[in-house]
Amino acid sequence: MISTLWRRTSGNLGTVLLCLGTLTFVLPFLFTVVTSLRTAADVARSPLGFPHSLTLHNFTEAFGQIHYGRSALNTLLITGLSCLSITVVGSLASYPLARLTQNWSTWVYRLFILGTSVPIFVVVAPLYLLMRDLDLLDSYAGVVIIYTAINLPVAVFFYTSFVRSIPVDLEEAAALDGCGAFRTFFTIILPLLRPITSTLLTFVALQVWNDLLVPLVFLQDPDKRTVMVNAYSFIDPHTVQPTTLFPAALLGVLPLLLIFVFLQRHVVAGMSAGAVKS
Amino acid sequence: MFHRRRATMAAFLLPAIVIYGVFMLYPLARGVYLSMTDSLGGPIANFVGPEQYRAMADDPAVTAALWHTVLYAAVVVVAQNALGLLFASLLFRRPKVRKALSVVLLTPTLVSPVMAAFIWSYLFAPEGGINALLGVLGLDSLQHVWLGDTSTALYAVAAVNVWMFAGYSCAIFLAGYMSVPTELLDAAAVDGASGWQRFRSVEWPMLAPALTVNVTLSLIGSLKVFEFPLVLTNGGPAGATDTLTMLVYRNVFGGGKFAFGIAVSVLLLVTVVVLSSATSSLLRLRERRI
């Protein structure tokens, strides 16, 4: 009797501690939100104190300083196009890689997988020279191509292992009915790829939206800059001002965060499923 | 008929091969070549053999950066996976709160490294959140210039990395937990095994594949870390948080030592490939033995 009571209380206590532990992970966010709504003088007086008055002034300020409207549109455009390009090119490639089991196709597959462990830093300098020679610096197309190339290994890996798990019977029946490779892919394979595509898109959208290096190096034109680049160039490491930093940080993550609140279930499932299958 | 079909299928590979070949494999090969030249990024480049690598070996900044990178990765891999595992095993035992809390834990993962670094640069600032919190708690003696002291800066930067990705490790461990057969857990419970015993002899071995994935992912991720040191410390104080990626960036885009920077990037590639393949094959071996 006493032991069950003890077990129950300790179990509840554990849950409470667990909730508190988890809360510390979001505490920096809550702190960020509250601080960005306070005035600079108020924060300077007591960083952790209760806000005396709330203001949206910091947000409007940051909005203008990081050219938010323009840069958010740029980021959205680049992220959207990259996602589209990666899914199209990646899914097309994975069909033959999964179905044609010849020597050369295994080789091509291995070559793609090799790319998963190549850091972008290794190719960034020669890539810069290449883009300069191809006249693709400062263009959305150039950045989208780069994102496609560096994310293809992951896309090929995801899609190929998924297509391999689809039984071939359906395709054979379609082939006997006179379906070519094109029609088979678009009418049979592609619709089946939907779940793995949402996983992949979660992964890619996060990568591209949040990336700093590629737009920093390949987009010099101020009109084409992304949110991350503008936010980065706006910080001054010597005077860390929370009331200017935090609104900028929140504005940078807001669109993506909003999307993920709606797609929450897919995001969590996707992020963990994709990893464990490997 | 099937022959033509196969040819059409093979043609599906073309866009991927072209993009991957031209914008990934070719720059990779060119980078290895350029690291053996005296290139400044312009059209003129003379082949000089392993000259840059010799200069790299003599440069204490490179040795220090390599050490920082490896130390940083070790701290992140251990701390992030330990935290992730702790949360996952606690959450696994509490199905009621599992879902909600795992979503909460994942939110930092959705933030960009730049923005995470923004937030923490203030929290770590001398007059910032952490020192203020310590003051409120009456722990003034623990107050510290976290990012400005050579002995703490690297760990402070690593802590931000851990904060951001511990939830991700937790999600992967939780997915691993879901593959543990319930009969096994029930059998252990019937045998009267304590919580710790159940973890030690049933769950931990069953989590081996999840551990392999987690360690490999966090290792590769932390070896290529860039935004955190860039935004939080810019390599300082006194180079204490200079990593290989920081050296590559600085030399290639501003140092005037283009070929040298590329040679450092090749060193980074070798480090990542050697460490990650050694770790993952060791962990795979372990999986088989269990």
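Visitor: What should I know before I start?

Guide: This is a predicted model, where local features need pLDDT of at least 70, side-chain atom pairs count only at pLDDT 80 or more, and totals for chains, interfaces and linings use all residues. Residues are numbered from 1 along each chain as its sequence is written, chains are lettered from A and ligands numbered from 1 in the order in which they are written, and side-chain values use heavy atoms, with hydrogens and water left out.

Visitor: How many helices and strands does chain B have?

Guide: Helices are DSSP runs of H or I with at least four residues, strands are runs of E with at least two, and both are numbered from the N terminus. Chain B has 14 helices and zero strands. Its C-alpha trace spans about 75 × 75 × 30 Å along the principal axes.

Visitor: What share of chain B is buried?

Guide: Buried means under 20% relative accessible area, exposed means over 50%, and partly exposed lies in between (1.4 Å probe, protein chains only). In chain B, 53% of the 290 residues are buried.

Visitor: Take one helix. How far does α10 of chain B reach?

Guide: The expected span is 1.5 Å times one less than the number of residues. Helix α10 of chain B covers residues 195-206, twelve in number. From first C-alpha to last, α10(B) reaches 15 Å, close to the expected 16 Å.

Visitor: Which residues of α10(B) are buried?

Guide: First the general idea. An α-helix has 3.6 residues a turn, so residues three or four places apart point the same way. Now the case. B:Phe199, B:Val202 and B:Glu203 are buried in α10(B). They cover an arc of only 130° around the axis, so they sit on the same side of α10(B). That arc is taken from the directions from the helix axis to the C-beta atoms.

Visitor: Which exposed residues are on the face turned away?

Guide: B:Trp196 and B:Ser201 are the exposed residues carried there.

Visitor: What covers the buried residues of α10(B)?

Guide: Look for contacts, meaning heavy atoms within 4.5 Å. The cover includes α4 (60-92), α8 (153-178) and α9 (182-190) of chain B.

Visitor: Is B:Ser102 buried or exposed?

Guide: B:Ser102 is in helix α5 (residues 95-110) of chain B. Its relative accessibility is 9%, so B:Ser102 counts as buried. Leave out residues up to four places away in sequence, and B:Ser102 touches B:Leu91 and B:Leu174.

Visitor: How do I read contacts across a whole chain?

Guide: Check how far apart the partners are in sequence. Among contacts in chain B between residues at least 6 apart, 68% join residues at least 24 apart.

Visitor: Where is B:Val273 found?

Guide: B:Val273 is in helix α14 (residues 258-289) of chain B. With a relative accessible area of 36%, B:Val273 is partly exposed. B:Ile220 is 53 residues away from B:Val273 along the chain, and their C-alpha atoms are separated by 8.6 Å.

Visitor: Now the backbone. What is the phi of A:Asp135?

Guide: Most residues other than glycine have a negative phi. A:Asp135 has a positive phi, near 65°, and is not a glycine. A:Asp135 is in the loop between α6 (120-133) and α7 (140-164) of chain A. At 67% relative accessibility, A:Asp135 counts as exposed.

Visitor: What about A:Asp138?

Guide: A:Asp138 has a positive phi of about 65°, although it is not a glycine. A:Asp138 is also in the loop between α6 and α7 of chain A. Its relative accessibility is 24%, so A:Asp138 counts as partly exposed.
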